[in-house]
Amino acid sequence: MPVIVHEKTGIFHLTNEGVSYIIRVMENKQLENLYYGKKIRDREDFSHLHEEGERSQMSICMPEPSRLSMQFTRQEYPCYGTGDYRSPALTARQENGSRIVSFTYDSYRLSAGKPRLAGLPATYVEKPSEAETLEITLSDKLMGTELILSYTIFAGLPVIARHARFRQKGEESVVLERAMSASVEFPDMEYELVQLSGAWARERHVRVRRLDMGLQGIQGLAGTAGGAEQNPFIALKRPDATEFSGEVYGFSLVYSGNFLANVEVSPFEMTRAMIGISPENFAWKLAPGECFTTPEAVLVYSDAGLNGMSQAFHKLYGRRLARGKWRDEPRPILLNNWEGTYFDFTEEKLLEMAREAKDAGVELFVLDDGWFGARNSDWAGLGDWYCNLSKIPSGIGGLSRKIEDMGLKFGLWVELEMVNPDSDLFRAHPDWAIHVPGRFRSHARHQYVLDFSRPEVVDYIYEMAAKLLSEARISYIKWDMNRYMTEPFSPGLPADRQGEMMHRYILGLYSLYERLIAAFPDVLFESCASGGARFDPGMLYYAPQAWCSDDTDASERVGIQYGTTFVYPLSMIGSHVSAAPNHQLLRSTPLRTRGAVAFFGTFGYELVLGKMKPEELAVVKEQVAFMKKYRRLIQIEGTFTRLLSPFGRNEAAWIVVSGDKSEALGFYFQRLNRVNGSFVRFRLAGLDPDRLYTVSHENGGERKAYKAYGDELMNAGIPLDRSEFYAAGGDFAALIFELKALF
Ligand code: DGJ
């Protein structure tokens, strides 16, 4: 059984072959965490792992002769005010103004499988045998509030999913000012904090810092899960942990709104890590009878380094967070017109681009921004989701049918959460854009954010989107979101509920997605936010892929995609080949390199094929054929392993190996060429050491192949002659090795 309960000692032990997580009911009936890490054998009692020592200035939270102090206790859901001076997981303001709480143990419940979280995205199971869930009910008798801490342990994965649920049973209201999804404590501080940070066009760069006493962490306040600046994820790794070995704890939040990931090291060198909705500008009123559920936090333990952590996230998020038809399907190879035309297109031009795409073997033509309302630049039109017939006389319905008649599928860009001041929608409903009456409305890209905390706004947008999807033949939607949120306030909420607005916006967004997915289950959704500014597990639940970055330069993308794979599977990473020189950097990289980088994602093009030379078009056709051959391995069946990090070095490498280890694709990249450089060995990972593989690759028009055993390839490596880099273009050269087991 993955959850073992020792009622006599008050111990709950969540365990599977990879992990142990041990909780105990303390003498004051609150919950403590005794251990979290590699699986250890079960015992009736682990209470000796509770550390308590007499210190000066220690506050005792029980009558004498107890020596229990919250200051040194590793708690499951810590609160402020009874002797614990670290950051709490919960702050609840009561009607008398007090924020002192005391949640004590009432009961527990075990269930096979995993219940859904109403209105929120979450990991799930398909069979009850895939997981077991422990729900521990606590209550604060004075407040009359019930708190259920929920823990799901997955079979065969080192994963524990947590969330908290509150119900106000008393007669007074309580305001949750801080309600984290999970808080975990460790007895020491020998960790480094890993985060994925950046900015527009350089999202999810890997940053690592050593923990120190006090507070450290990351926060996202832009209303989009941290925007391009932070991802709702942190890891704590041992300083000697690498990509391949050592202990790593990953914390990921299944949420698309403001978040906080906070790590605090106490003066006694204990570490507390928590993740959840950011308390900034958050206050949720629980009136009598009302409930509140936090988003889900997913905790991964790995003793196989960062790759071990990432592979657990990939399996879980790829198979048990993503949903629908596209979860298990290789993704269509697309051509998107954005970088090819920007706003400057006609129906004829689009049809010509689509014909060229069809000739190259592309499967889906995507019409990006600029097709609706008065949208000839980013100054106007958002909110008016009807076709601009002066640009597209056949309308979206007519255009989509013409594209389908060519043998392609048709996809469309939308930005449903936004409105331009210059739009019919804004002129009709200026109050629907988020603002505080009487105050200036901050704008970004000449647009405002619609108030999705108001159900009538979401209903209106649903009707418009559903009409569009019903009237045209749309197989794919790119759902963009190009500005952060400001001045959060909603006339739809009373004064004492304004702190709920940002979270209610996200719930409104989730409900819109849910309704559209239910009504149009075959449509493939790709989320996007000025590139990769809303790349989070919450979105993955609705849209199984996300545009990774507006930076389409292959060399920059190596780093962005490398960082993204810390949490997200390749099937989620939107990656396209764009023109050279690149539009963001003016850098030229070889077409083969641009293709090689884009293969490790959903793959597509973002350029005008008709402008390419015949020899380049021949390469494009090869790339499309290559992706069709390997996309099931890359996106669905393979295990992805990072081999060399581009952060702080000139090279990058990774590999995807099939589940049965009979097939693999290795990727090796160098940023700048080296004259008279050193010898290079490309060491692989994840292969079967005892199988003989053919290793082949094509470079400079020549295909080379040799045979080697898996153990040799993983330890001695593939010797790379430096002439290979010259043949692949010198600077920004990429090589792809195809491996096939011979028996
Ligand atoms: C931002 C996206 O990341 C781009 O790909 C493109 O769709 C533009 N928005 C369109 O405005």
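Domain bounds here come from an automatic or database domain assignment. Lining residues have an atom within 4 Å of a cavity point. The model is predicted.

Empty space inside the protein was examined first. Rolling a probe the size of a water molecule over the atoms shows where such space is left. The structure holds eight cavities of 30 Å³ or more. The largest cavity contains about 150 Å³ of space. Its lining comprises 13 residues, and those closest to the centre are Gln-30, Gln-75, Tyr-77, Cys-79 and Phe-103. By class, this lining splits into eight nonpolar, four polar and one charged.

The second largest cavity has a volume of about 100 Å³. A set of 14 residues lines the second largest cavity. Closest to its centre are Tyr-255, Asn-258, Ile-277, Met-502 and His-503. Helix α7, spanning residues 501–519, gives the most to this lining, with three residues. The lining of the second largest cavity has six nonpolar, seven polar and one charged residues. Both domain 1 (66–320) and domain 2 (333–631) give residues to the lining of the second largest cavity, so this cavity lies between the two domains.

The ligand site was considered next. Around the ligand are 13 residues. Asp-368, Asp-369, Lys-478, Asp-480 and Asp-550 come nearest to the ligand. The shell divides into four nonpolar, three polar and six charged residues. In Asp-550, a polar side-chain atom lies 2.4 Å from an oxygen atom of the ligand. In Asp-480, a polar side-chain atom lies 2.7 Å from a nitrogen atom of the ligand. Trp-413 places a polar side-chain atom 3.1 Å from an oxygen atom of the ligand. Taken alone, the ligand exposes 290 Å². The protein buries 97% of that area.

Backbone geometry was also examined. Most residues other than glycine have a negative phi, and most peptide bonds are trans. Several positions depart from this pattern. A cis peptide bond joins Glu-64 and Pro-65, with omega about 10°. Pro-65 sits in the loop between β4 (31–38) and β5 (90–94). The bond from Ala-580 to Pro-581 is also cis, and its omega is near -5°. Pro-581 belongs to the loop between β30 (576–578) and α10 (591–599). Asn-281 is not a glycine, yet its phi is positive, at about 60°. The loop that holds Asn-281 runs between β17 (271–277) and β18 (284–286).

Note on methods:
Residues numbered from 1 in each chain as written. Predicted model: local features only at pLDDT ≥ 70, side-chain atom pairs only at ≥ 80, totals over all residues. Heavy atoms only, no water. 1 Å grid on protein atoms, 1.4 Å probe; cavity = no way out; pocket = protein on both sides within 12 Å on 5 of 7 lines; lining within 4 Å. Points joined across faces, edges and corners; volume = space filled by probe spheres on them. Nonpolar A, V, L, I, M, F, W, Y, C, P; charged D, E, K, R; others polar. Helix = DSSP H or I, 4+ residues; strand = E, 2+ residues; numbered from the N terminus. Near = heavy atom within 4 Å. Polar contact = N/O pair within 3.5 Å; in protein donor to acceptor, adjacent residues only side chain to side chain. Areas by Shrake-Rupley, 256 points an atom, 1.4 Å probe, with all protein chains shown as cover.
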